[in-house]
Amino acid sequence: SFCIAHRCGAGEGPENTIAAALKAAKNGARWLQLDVMLTKDRKLVCFHDQEEENNLQRLTDAKQGVRICDVEFKDIPDFKEKIPACASCDKDQLIDTTEYGDSGKKICSLEDFFGKVPERVPVLLELWMPKDDTLVKLAVETIRKCKRVETTVVGNPFSRKIASDLDSYAPEIPRMYYFGEILGIYFMYYMGILPFLGTYALGRGENRILNLPVFTSGFRDRIAHILKASCLSRFLLMCTSWFLYNKNLVCYLKSKGVPVFAWILNSSEDLLAGEDLGADGLMTDYTERFAEFAISESLSAS
């Protein structure tokens, strides 16, 4: 399995920045996962936080109530000197942005990111908070302009509309299955009808990627803590884990040309679970940890 840097390696550098992406690539990440949103002046920027209000608050000194969609690109504030790492990272971890220069403290445009990150490193591009089809159209236009069609997979794990718009505007660009499609695939598999539906069930499987959460005990605990989950919610997380963790299905999908990526795997336990599942790519916030894990697994195998 190869390494995919979640938010370009959010546990080791300022998330979704060029600086973090270059560091992750240097550490051996084969893919980069990147989040994109629209500014007020319709500029695609590399940014994740999706709260309806205050989505600039965690990383910048923006005023209360300011959202990235309300700000023009030139007016986006720089990152704070120390920013909290994303929720999937180690608890209470802070990232010092001053260590990375301008490319580590500025929210960059997608076009600038493509221009400065080597083309040899493919990008898993997730689009967030669309108001209409503008976000998809501009993303497709940028991918084509920067000649990244063959090295970009685009989509949103929870949006049927984004998947539909991508199929309409850019069928040549690979996209990820959204969660409704994933549940459908699993349902057909457990019903025993998936092998008989083949291409119909998987869509254009050779042009799709399945991006799959792996609910290890550590990951379930993190999610439960973030959501302040009740006992019932914890039980449902365990059921979801059992439902999704199916090595035979992953093997079947891979035989049909569908790559499987597993996320978000930050501990040795997580990475072992992803590898045991048979996933092609393992998504992590810590590319250096992945490299150490890969070396230890290689030594164990020998």
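Biologist: Quick one on K254. What is its relative accessible area?
Modeller: K254 has a relative accessible area of 36%, so it is partly exposed. Keep in mind that this is a predicted model.

Biologist: Which residue does K254 pair with in a salt bridge?
Modeller: D280, with the closest N and O atoms 3.9 Å apart. The two are 26 residues apart: D280 is in the loop between α10 and β11, K254 in helix α9. D280 is partly exposed as well, at 23% relative accessibility.

Biologist: Start with E15 and R58. Where do they lie?
Modeller: Their side chains meet at 2.8 Å, N to O. E15 is in the loop between β1 and α1, and R58 in the loop between β3 and β4, so the pair ties together parts 43 residues apart in sequence. R58 also bridges to D49, at 2.9 Å.

Biologist: E15 and D49, buried or exposed?
Modeller: E15 is buried at 4%. D49 is buried too, at 6%.

Biologist: Switching to helices. At what angle do α5 and α9 cross?
Modeller: Roughly 110°, with the axes coming within 11 Å. That makes α5 roughly perpendicular to α9.

Biologist: Which residues meet there?
Modeller: I185, Y186 and Y189 from α5 meet N248, L249 and L253 from α9. Five are nonpolar, one is polar and none is charged.

Biologist: And the core. How many residues are in the largest one?
Modeller: 64, with L253 and F113 among those with the most contacts inside it. Helix α3 gives the most, six residues. A second, separate core has 19 residues, including M37 and I83.

Terms used:
Residues numbered from 1 in each chain as written. Predicted model: local features only at pLDDT ≥ 70, side-chain atom pairs only at ≥ 80, totals over all residues. Heavy atoms only, no water. Axes fitted to C-alpha atoms, helices over the stretch in contact; angles between N-to-C directions. Helix = DSSP H or I, 4+ residues; strand = E, 2+ residues; numbered from the N terminus. Parallel < 35°, antiparallel > 145°, perpendicular 65-115°, else oblique. Contact = heavy atoms within 4.5 Å. Nonpolar A, V, L, I, M, F, W, Y, C, P; charged D, E, K, R; others polar. Core = buried A, V, L, I, M, F, W, Y, C linked by side-chain atoms within 4.5 Å. Buried < 20%, exposed > 50% of the residue type's maximum accessible area, 1.4 Å probe, protein only. Salt bridge = Lys/Arg side-chain N within 4 Å of Asp/Glu carboxyl O.
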